[in-house]
Amino acid sequence: MSTGTTSAITNGATRAPLPPPPVPLRRNWRFQALWAGQAGSTLGLQIIDTAYPLLLLALTGSSTLAAAFGALQIGASVLFGIHGGAVADRYDRRRILIIGDSTRLIACASVPLAMALDRLTVAHSLLVAVVIGATIAYTGPVRLLAVRSVVPPEQLRQALAQDEARMSGAGLIGPPLAGALFGLGRAAPFVGTALTSLLALVVAVLVRFPGRPESQAGDATAADRTGGTEDTGSAKGAALAGYRYLARSALLRPILAVVLLINLAGTAMLLPVMVVLRGQGTSDAGIGLALAGEAVGALVGAVLVRRLHRLAGPGVLLLAVSWLTVPVILAPLLPGGPATVFAGLFLVGLGVPTLRVMIDLLVFQQVEDALRGRVIAATMTMFTIGMPAGMVGSGLLLDHLSPAAALGTVAALLAAGLAPATAGRTLRRATWPDRTAA
């Protein structure tokens, strides 16, 4: 009888209709709308990150003050990052996005308004930097979670590839657009940033997506996977659960450390590169085009992700991109001016999409939704925590050293920091999660 029952069940399962295929990603209007809002938000940040140092250099002539905007912006993002992840896991995510985008729109619009009234001050500019950094801490994790909530699992890799195009496209368009707008008038880049912030806010208001994380069952599962002692809800210290998750992994610790070093060095080289190119007579638009080399490389590198993942493990790829960054830092000192800078950044950019997808595979996709906001926030914070020091440090170096000596110092410090991770076996022996499972 059991055999007959089994056969009936099997035949019934065979005759059962297959579930309908998911809507193609190009027709998933919620994803595409969220993607457009995120693209606008990212483009606005790219414009302002390039325009503000140019503005502060023009207003004050101080390299340190020019670097202070980015340092304060990223510093505020790091400072509020712990709370931002906890908020994303506890409160309505769509409401967080609306509040954050509204706040950033007001802050960005205040700059051209102050210029029109001839009331813009350095203190006002630096306060805007803090506000923008704080909004990134709250909206950044939510934007990543929103994309995942409207895309079926089988389309997630395709969605991530399109998201890489957003990041790379904004990085490509933003710097030269900022330089071109700055050439039209000092207020023009900031008007553009306010408009992109408005686009992001409109999308957040119009598009509905699952606003709350999975409930208590997900919390319990996350606690089990992270050691059985985490309360991912309201327990004391729950805001630090994402950091504890990362700290327990022997592989994630060196990955985070190496990426932190790359971001620190990349940020520290930005201002000296601008000073070198400007000293060579390069226009503001030309500086923006040179700095867009990484974004162009990332657009090309997006199609190489699968090939590079098959070629080597995550740790080897990370180390390869990291060591390639060392000579690229010195590219502005070689003949060719902006063309050489563009080429060097292009080579580094080829590996950027691979590293971003690597982080998604090794970290974000391995975490339960109830904890994911805090893990994303913790990862973003660890990646950026050294960037304020890089910005301020580059300004201080330029106040005491020549641009060439400043770039040489940054390259030497990066090489010294990469040596221990390269000598160790953890990164060199790391494998992809799907290979480990196989």
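Predicted model: local features only at pLDDT ≥ 70, side-chain atom pairs only at ≥ 80, totals over all residues.
**A friendly note on this helical model**

1. Where does Val202 lie? You will find Val202 in helix 7, which covers residues 188-206. On the surface, Val202 belongs to a nonpolar patch along with Val191, Leu195, Leu198, Val205 and Leu206. Together, these residues have about 510 Å² of accessible area.

2. Now compare another valine, Val348, in helix 15 (residues 338-349). Is Val348 buried or exposed? With a relative accessibility of 11%, Val348 counts as buried, because buried means under 20%.

3. Which residues does Val348 touch, once its neighbours within four places in sequence are set aside? Val348 is in contact with Val321, Leu324, Thr325 and Val328.

4. Finally, step back to the whole protein chain. How many helices and strands does it have? There are 20 helices and zero strands. Of the 438 residues in the chain, 51% are buried.

5. Two more values complete the picture. Taking contacts between residues at least 6 apart in sequence, 86% join residues at least 24 apart. The accessible surface of the protein chain is about 19,400 Å², and carbon and sulfur atoms account for 67% of that surface.

Definitions and conventions: Residues numbered from 1 in each chain as written. Heavy atoms only, no water. Patch = residues over 30% accessible without salt bridge, like charges linked within 9 Å, V, L, I, M, F, W, Y side chains within 5 Å. Areas by Shrake-Rupley, 256 points an atom, 1.4 Å probe, with all protein chains shown as cover. Salt bridge = Lys/Arg side-chain N within 4 Å of Asp/Glu carboxyl O. Helix = DSSP H or I, 4+ residues; strand = E, 2+ residues; numbered from the N terminus. Buried < 20%, exposed > 50% of the residue type's maximum accessible area, 1.4 Å probe, protein only. Contact = heavy atoms within 4.5 Å.
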